[in-house]
Amino acid sequence: MLLQCPKLLFELSKIHQTLPRTKKLHALIIRNHLSDDPFYATRILRFYAINSDLCSARNLFEETSHRSVYLWNSVIRAHAGEHQFYDALSLFAKMLRTEIRPDSFTFACVVRACAENYDPDRLRVVHGGVVVSGLGFDSVCSSALVTAYSKLSMADEASRVFYGVDEPDLVLWNAMTSGYGNCGFWDKGLRLFSAMRSMGEQPDGYTMVGLISGLADPGLLGIGKGVHCFCLKSSFDCHAHVGSALVSMYSRCNCLSSAYGVFTSLSQPDCVTWSALITGLSKSGEYEKALLFFRKMNMEGNKVDPILIACVLAASSQSAILGPGNEIHGYVLRHGLESEVMISSALIDMYSKCGFVNLGVMVFESMQNRNIVSYNSMILGLGIHGLASQAFKMFEEALKKGYRPDESTFSALLCTCCHAGLVKDGREIFRRMIEEFHIQARTEHYVHMVKLLGMAGELQKAYDLILSLQQPADSGIWGALLSCCDFHGNSELAEIVAQQLFENKPEKSAYKVMLSNIYAGDERWDDVKKLRDNVQEAGIKKMPGLSWIGVGRN
């Protein structure tokens, strides 16, 4: 035993061990009668957690009679890391009934679990426990609370925690800066950054990442460039995570030349930076370039994560070309990534939008693990192909399996009703969304409802629905009604709707062309000429439509 202990301690001090090696170490501990020592149990439990063997981790915990706060923290963190939030919170409740008192790291882990589980009510309860335990001003707890509240878009609560700490450290400053960015309050983030510097606190790379993350609108490009200049002067640009944030920021602001410039300035761009550029290209409509960079990244041996693969599959689906999607599917199979729910859901979406819904069904049926996103992809895929009854059955199956529908579920269902012209079903789905599942209707839901009513000839009801909205209607909602007026040739209502659109989106020519077509249908040629002349004088050009035929691999 004395000869083995030094070697054992050396092995336990390592950050990572493989699962077979972990089991051998566990056996060695048992053989040396050390399994009831919380120090050794904690180290082995962490190795099991790193290898995602939650069953072995939990068994070890249950078999250990002497439990330290570190062992409790490890088992709670293990369950939270595997998204077993109910079990993580149950363990925390069980811990509170023992003599072991939770420390700041216990609360930080539970707070993160509440945020990951999107449970604001439980988060407030845990926050109360933090205060009662006398850890309300602790740096670790405060940073975790700020991050959690921000993730749940509760910026006011996050700022109250932050300003309640007299002397915040750099980690807390960074958490609040990132929080404002995540909640869309870029201006507050900038003011906080200025206050931080005026108080003598020096920012680091993570501060800059938090600041940059809030700059998501093309109108903020100038501010983004100013922040980029500060990064250059302070030598933060050489940090990989800052470079990645800058690439993402320029991509979001539709400035792909600058995004590519930052990318090429990095000596060794990491996976996150590659992902930022490819994602930016995809979201900007540069689908072919996104696929090209994905191939280049793969050829250079960079590891690809599920989020990036899902993004590239989305690019393939938008280009409506099956070839690249098939290529990526092959990559997924070769690298054993087909079990990733995010990837499988993206494959379903890609095959459906490329016109091969049967292949999407095959992917869905082969999935061992599913979630509501998988069902959403399948419902939408069936719906856009006019298979409404199958889409509704898929929805009922999801409910029977205990999956809670979200905004995207009902968007897919309403889209299904639009494609099939099912007005009665659409109204019932819209009612259930609000009254049964307590989901607030968003712009896309109103777009589908207006289009559903309007295409069925109920233009006045569609118009009344828009007027009943508490907030001013988005141009997408008005645009849906205008397209319905075009379909039915209702020029009287079209003029009213078009006026709203011209005020909201004067630069968009499609709406003026649509109204012009309605005038032409009524043979109002003077109005057609007047509208077309107005478009030409304003220098507005309509993007011409494009079509192509794929032959072989060309």
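Helices here are DSSP runs of H or I with at least four residues, and strands are runs of E with at least two, numbered from the N terminus. By that naming, H438 sits in the loop between helix 26 and helix 27 (443–455). This is a predicted model, in which local features need pLDDT of at least 70 and side-chain atom pairs count only at pLDDT 80 or more, while totals for chains, interfaces and linings use all residues. Residues are numbered from 1 along each chain as its sequence is written, and side-chain values use heavy atoms, with hydrogens and water left out.

As background, most residues other than glycine have a negative phi. H438 is exposed, with a relative accessible area of 63%; buried means under 20% relative accessible area, exposed over 50%, and partly exposed in between (1.4 Å probe, protein chains only).

S153 gives another example, with phi near 60 degrees, again positive in a residue other than glycine. S153 belongs to the loop between helix 9 and helix 10 (155–163), and at 57% relative accessibility S153 counts as exposed.

## Salt bridges

How many salt bridges does the count come to? Taking a salt bridge as a side-chain nitrogen of Lys or Arg within 4 Å of a carboxyl oxygen of Asp or Glu, the count comes to 18. Here are three of these pairs, with their N to O distances.

| Pair | N to O distance |
|---|---|
| K151 and E116 | 2.7 Å |
| E397 and R370 | 3.7 Å |
| R432 and E436 | 2.8 Å |

K151 and E116 form a salt bridge that links distant parts of the chain: K151 is in helix 9 (residues 139–151) and E116 in helix 7 (residues 104–116), 35 residues apart. K151 is partly exposed at 38% relative accessibility, and E116 is partly exposed at 35%.

R432 and E436 are a local pair, both in helix 26 (residues 423–436) and four residues apart, about one turn of the helix. Is R432 buried or exposed? R432 is buried, with a relative accessible area of 18%, whereas E436 counts as partly exposed at 40%.

Salt bridges can also join up into a network, as they do for R58, E62, R67 and K94.

## The largest pocket

The largest pocket has a volume of about 670 Å³. Which residues are closest to its centre? Of the 24 residues that line the largest pocket, these are N376, P405, D406, E407 and S408. On a 1 Å grid over the protein atoms alone, a pocket is an open set of points where a 1.4 Å probe fits, with protein on both sides within 12 Å along at least five of seven lines, and lining residues have an atom within 4 Å of a point. Grid points are joined across faces, edges and corners, and the volume is the space filled by probe spheres set on the points.

Helix 21 (341–353), helix 23 (372–384) and helix 25 (407–420) each supply at least two residues of this lining. By class, the lining has ten nonpolar, eight polar and six charged residues. In this scheme Ala, Val, Leu, Ile, Met, Phe, Trp, Tyr, Cys and Pro count as nonpolar, Asp, Glu, Lys and Arg as charged, and the others, Gly among them, as polar.

## Cysteines without disulfides

The structure holds zero disulfides, a disulfide being a pair of cysteine sulfur atoms within 2.5 Å. C114 is buried, at 0% relative accessibility. For C354, the closest cysteine sulfur is that of C311, at 15 Å, which is also too far for a bond. C354 counts as buried at 12% relative accessibility.

## A look at R197

R197 is located in helix 12 (residues 186–198) and counts as partly exposed, at 46% relative accessibility. Leaving aside its neighbours within four places in sequence, R197 is in contact (heavy atoms within 4.5 Å) with P203 and F230. The C-alpha atoms of R197 and L469 are separated by 44 Å, and the two residues are 272 apart along the chain.
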